[in-house]
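Welcome, and thanks for taking a look at this one. Please load the model in your viewer, and we will walk through it together.

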Amino acid sequence: MSTNKIICFILLMALLFFSGMRNAANADEILVAAAASLTDALKDIGKAYQAKSKHKILLTLGPSNFLARQIDEGAPADMFFSADLAQMDLLEKNGRLEPGSRKNLLSNQLVIVVPADSKLAIASPKDLLKSDVKKIALADPAAVPVGVYTSKYLADEGLWDKMKPKIVPVLDVRATLASVESGNVEAGFVYKTDAAISKKVKIVFEVPIEKGPKITYPVALIKESKKKEAARDFMNYVSGAAGKSAFKKYGFVVFE
Amino acid sequence: MIFSVETWQITIFSLGVGLASTLLILPFGIVLAWLFARKEWPLKSVAETIVLLPLVMPPVSTGLILLKIFGRRSPFGQWLYNRGIEIVFNWKGVLIAMAVMSFPLLVRSVRTSFSEVNPRLEQIAATLGASALKVFFVITVPLAYKGIVAGALLAFARALGEFGATILLAGNIPGKTQTLSLAIFNFVQTGKDSEAYALLGITVILAFTFVWFSEWLLRTRKTV
């Protein structure tokens, strides 16, 4: 009986706690869910935008598949910047995107990286089949965009089935870079923009843009957003001249 | 840059939400631990196992479950949303992720310390006319307080380290939901190793302090 009293007391405390936690939404904060690889470019663009606009830009950064999942569950993002068409397609199919707002903005290039001090002669994807290449790091080819793109490219080249046993699936592009940097794998596939931020890896092969998979970073407004006009204004800024030059600075290929 | 204003903001935010999370789970943890240690009830072993699950499950999958529960698409999430309570992409999401992930550690430690209190003392107090509630607050809790504090410290340290459930439920928003763990992830993602190491240093110092203090309390407690 007194156990019940204690439980009642605690439930009451919890109720009081949660009821005190309401807060008003600030109409001028635009929340952009963006692939982690866009962090630096979007921070620069956000800062420049805030200097000339009353709106504030907030970023939430993570793997594109996490972000799509969150938006699909109703997370209050206003804009989604994906590193992958499939994640955007999923949201479009589920009716989460503002109709007509979606556009393809950026592209990137796949490259093969090896540790900066590597002595292996790797000059093409074919060389990765050699026996002295034991392990190849790749962001999970089942879920993460860069992994999906790479496996598609290797399959087109007829190399995927032979290379598959050597592939070590890792969390994302940064984890790929980290495992190459540490020398635990002989090589890895990453984006050119990511390879550029590490001094401990070198690019030994760039997948030609026309031959490689079409890597596309689409952007769209979220249907349930309550700040659509502000978000649209920021999206125009991102896809305008100032946004484009910031993305180019970080090595992205910008669609004209 | 390394110990910038931003670094301190992230640290204070993590400590603040971690503290709130620990205070939030403390009463629940104490009551549940007492029910586990002192009472027999149907399906108790099932309840004990469920409480421990977040300790061993991949944090990302716990995060996914939390996202399903609190997301606007679920009936409960919708109910909260209609009342203006936002959990996803909000500091409250950080709080809930931390609370859920650190709860098992608290319950386990407190349960052990309750078990070590001699039930004879509780029975004597009861025969002298103390109500069950009085016995609990005057005999059981004071005798077990070191274990309770040790458990709370351990839960607090675990809350500070939380990553997987937090990034799924609360997102990774600098200045709004970014904790030490999430900031380290972001610095690693963008190749800013020196900033990542600075936060790592802070994390190690905090974690060491709380875990060491927790262990010290357990070492120095008397069992009656």
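Which residue in β3(A) is the bridge partner of A:A34? The bridge partner of A:A34 in β3(A) is A:F81.

## Before we start

This is a predicted model, in which local features need pLDDT of at least 70 and side-chain atom pairs count only at pLDDT 80 or more, while totals for chains, interfaces and linings use all residues. Residues are numbered from 1 along each chain as its sequence is written, and chains are lettered from A and ligands numbered from 1 in the order in which they are written.

## The two chains

The secondary structure of chain A comes to 10 helices and 11 strands. Here helices (H or I, at least four residues) and strands (E, at least two) are DSSP runs, numbered from the N terminus. Buried residues make up 45% of the 256 residues in chain A. A residue counts as buried if 20 or more other C-beta atoms lie within 10 Å of its own, as exposed if 12 or fewer do, and as partly exposed in between, with C-beta atoms placed from the backbone. Of the contacts in chain A with a separation of 6 or more, 75% are accounted for by residues 24 or more positions apart. Two residues are in contact if their C-beta atoms, placed from the backbone, lie within 7 Å.

Chain B has 10 helices and 0 strands. Its C-alpha trace spans about 65 × 45 × 30 Å along the principal axes. In chain B, buried residues make up 44% of the 224 residues, and residues 24 or more positions apart account for 77% of the contacts with a separation of 6 or more.

## The sheet of chain A

Chain A holds an open sheet of 6 strands with mixed pairing, in the order β2-β1-β3-β10-β4-β11. Its edge strands are β2 and β11 of chain A, each of which pairs on one side only. Two strands pair if DSSP finds at least two bridges between them. Strands of a sheet pair through backbone hydrogen bonds, either parallel or antiparallel.

Strand β1 (residues 29-35) of chain A pairs with β2(A) in the parallel sense over 7 bridges, and A:A33 has A:T60 in β2(A) as its bridge partner. From β1(A) the chain crosses through helix α2 (residues 39-52) of chain A to β2(A), and this β-α-β crossover is right-handed: with the strands pointing away from the viewer, the path from the first strand over the helix to the second runs clockwise. Strand β2 (residues 56-62) of chain A is mostly covered, with 6 of its 7 residues buried. β1(A) also pairs with strand β3 (residues 79-81) of chain A, in the parallel sense over 3 bridges.

Further along, strand β4 (residues 103-107) of chain A pairs with strand β10 (residues 217-221) of chain A in the antiparallel sense over 3 bridges, where A:K103 stands opposite A:V219 in β10(A). β4(A) also pairs with strand β11 (residues 253-254) of chain A, in the antiparallel sense over 2 bridges, and A:S107 stands opposite A:V253 in β11(A).

## Where the chains meet

The contact takes 28 residues from chain A and 31 residues from chain B. On the chain A side, α1 (2-19), α2, β2 and α3 each supply at least two residues, and the largest share, 7 residues, comes from α1(A). By class, this side has 16 nonpolar, 7 polar and 5 charged residues. Ala, Val, Leu, Ile, Met, Phe, Trp, Tyr, Cys and Pro count as nonpolar, Asp, Glu, Lys and Arg as charged, and the others, Gly among them, as polar.

Is α3(A) largely enclosed or largely open? Because 8 of its 9 residues are buried, α3(A) is largely enclosed by the rest of the structure. Among those buried residues are A:F66, A:L67 and A:R69. Just after α3(A), A:G74 takes a positive phi of about 95°.

## Helix α3 of chain B and its surroundings

The 12 residues of helix α3 (residues 59-70) of chain B should span 16 Å at 1.5 Å a residue, and its end C-alpha atoms are 16 Å apart, which agrees. The expected span is 1.5 Å times one less than the number of residues. The buried residues of α3(B) are B:P59, B:T62, B:G63, B:L66, B:L67 and B:F70. Seen down the axis of α3(B), they fall within an arc of 140°, so they line one face of the helix; the arc is that of the directions from the helix axis to the C-beta atoms. What covers them includes α3 (64-72) of chain A together with α2 (44-56), α4 (75-82), α5 (91-115) and α8 (164-169) of chain B.

B:L80 sits in helix α4 of chain B and is buried, with 20 other C-beta atoms within 10 Å. B:L80 and B:F70 are 10 residues apart in sequence and 8.0 Å apart in space, C-alpha to C-alpha. Leaving aside its neighbours within four places in sequence, B:L80 is in contact with B:F70, B:I85 and B:I87.
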